[in-house]
Every structure is written in structure tokens, then in C-alpha cells.
Amino acid sequence: MNVYDLIAEHYNDLFPLETEKLEFIQHLCPLPGRLCDAGCATGELAMGLYQKGYNICGLDLNAKMIGIAEKKASCIRKTGELMFYHADIADIMQFSKFKGVLCFGNTLPHLRDEDILRRFFSSVYGSLEEHGIFIVEVLNYDRILADKKMDFKDKETKDFIFKRHYDFLPDGDIRFTIEFTDKQRSTAGSDFTVLHPLKKQMLLALFKQTGFKSVSAYSDYTFTESRAEDYAVVYTASK
């Protein structure tokens, strides 16, 4: 089982779409435009942007999530583009040009090594139109690795219990474990994936090496400057 199959059907309940995120993207990528949501999960962000007037292409390696996204999209798709693909985000150049590429939800640490990460950054740069923008959100691994802990909050509703935790591996990677209990079906499951934690210095170097300019780092979607104690960091870079 893919670890994210455990939560695919409840993904929107676990991670609801934030209005501030939509506004942040709209400010950086004014309409009209074509956007790629790289690591789109079940498509809530992509569909929210489509309803704002953007053409949208969503990519994700989890087939179950893409299936859910496509089913939801079929109910709202009218004019313009709203497409979802079961694909590796590193293959983004296969999907033509974009005004903006979005990579939210701590997707980047799932890339297996630095060579694949560099390939993805280079592919994003190649897929962007002139003056296009790349927006990346990752957890603040500078703080997490320094503290050697990550205090995820458990989530419980009448339908489910959702737990997460990190184990720090000797090679520097992190084992990310999900435990999910479905109260309605009386089932429980657990699975893990290995993450490659990305520190700020490495990411800034990747932006620069790839050719991006005007790189900024924020604490949130209100353009607050990034701080050492932040839970996550949102990077923006223009071509």
C-alpha cells in the first residue's frame, strides 16, 4: 500500500483548503494564467484555483488521490482546463508551459535524492513562461533537525483518528509514519515513507543554481518574513 492511500478519502477533512493560500497565489500569479499543482493530492487547491478562473494541471504519484481528484473535477469542469495526471512531478516538462508552478504540502522531501531534486528544479524552470513563478512550501527542517523532534498534533473526529510521527534515521533521512483509524469502518492501518529533509541553505542554492531570481522566504501566506522558529517555510522564486 502507498502510505497516502490510508488518508486519501479523508484528505480534504485533514487538510482543508485555506482561503489565505488562494489569495497568496492570486497575488503572485494574477489572472489570466495556466498553473501546475505539483503534488496535487486530491485536488482541492487545484479546483479552488480553477473556480477562480485559472487553467489548471495537477500532478501526483498517488493513483488513488488522482482518481478522487478527477471524480470531483468531473462535477465542476466547464470551460477552460482542469486536468489531473498520475505522474512524477519531475516530469513536469511533458505538460507544456505554465505561468506558475505550485508545490505545497511538504511534497519536495518525498523526492528520493539530490539528483532528482535538481532535475525537478531544472524541469520547473524549463516549464515556466518568462517571468513565471515557482512557489514551494516545506516544513522548517533547519529547526526540526536541530531539535531532533517534530510535534505533530493528532486529529480526531467522529469519523477518524489521524496520527503522524518522525523517526530520525542514521543517514540523515526521516521515516514518516502515518496511523489512521476509520471509526465508521472499524479499521486501522499504519504505513511509512522515507523523507529527504531539505534545509534552507540547500533550497536557496538550488533556486540560484537553476537560474531563478528574486527568491523570498515567508512564514505564512501573508508575506511575513521567514523566521528560525517557524513550523514551515514558503519560498517564491521568479524566472
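Modeller: A residue is buried at under 20% relative accessible area, exposed at over 50% and partly exposed in between (1.4 Å probe, protein chains only). This is a predicted model, where local features need pLDDT of at least 70 and side-chain atom pairs pLDDT 80 or more, while totals for chains, interfaces and linings use all residues. Residues are numbered from 1 along each chain as its sequence is written, and side-chain values use heavy atoms, leaving out hydrogens and water.

Biologist: Are F121 and F207 buried or exposed?

Modeller: Both F121 and F207 are buried.

Biologist: Why is the pair of F121 and F207 called edge-to-face?

Modeller: Rings of Phe, Tyr and Trp (its six-membered ring) pair with centres within 6.5 Å; planes under 30 degrees apart are stacked, over 60 edge-to-face, the rest tilted. Here the F121 and F207 centres lie 5.1 Å apart with planes at 65°, so the pair is edge-to-face. F121 sits in helix α5 and F207 in helix α7, 86 residues apart; helices are DSSP runs of H or I, at least four residues, and strands runs of E, at least two, numbered from the N terminus. Y166 and F168 also pair edge-to-face, at 6.3 Å and 90°. Of these, Y166 is buried at 9% relative accessibility, whereas F168 is partly exposed at 25%.
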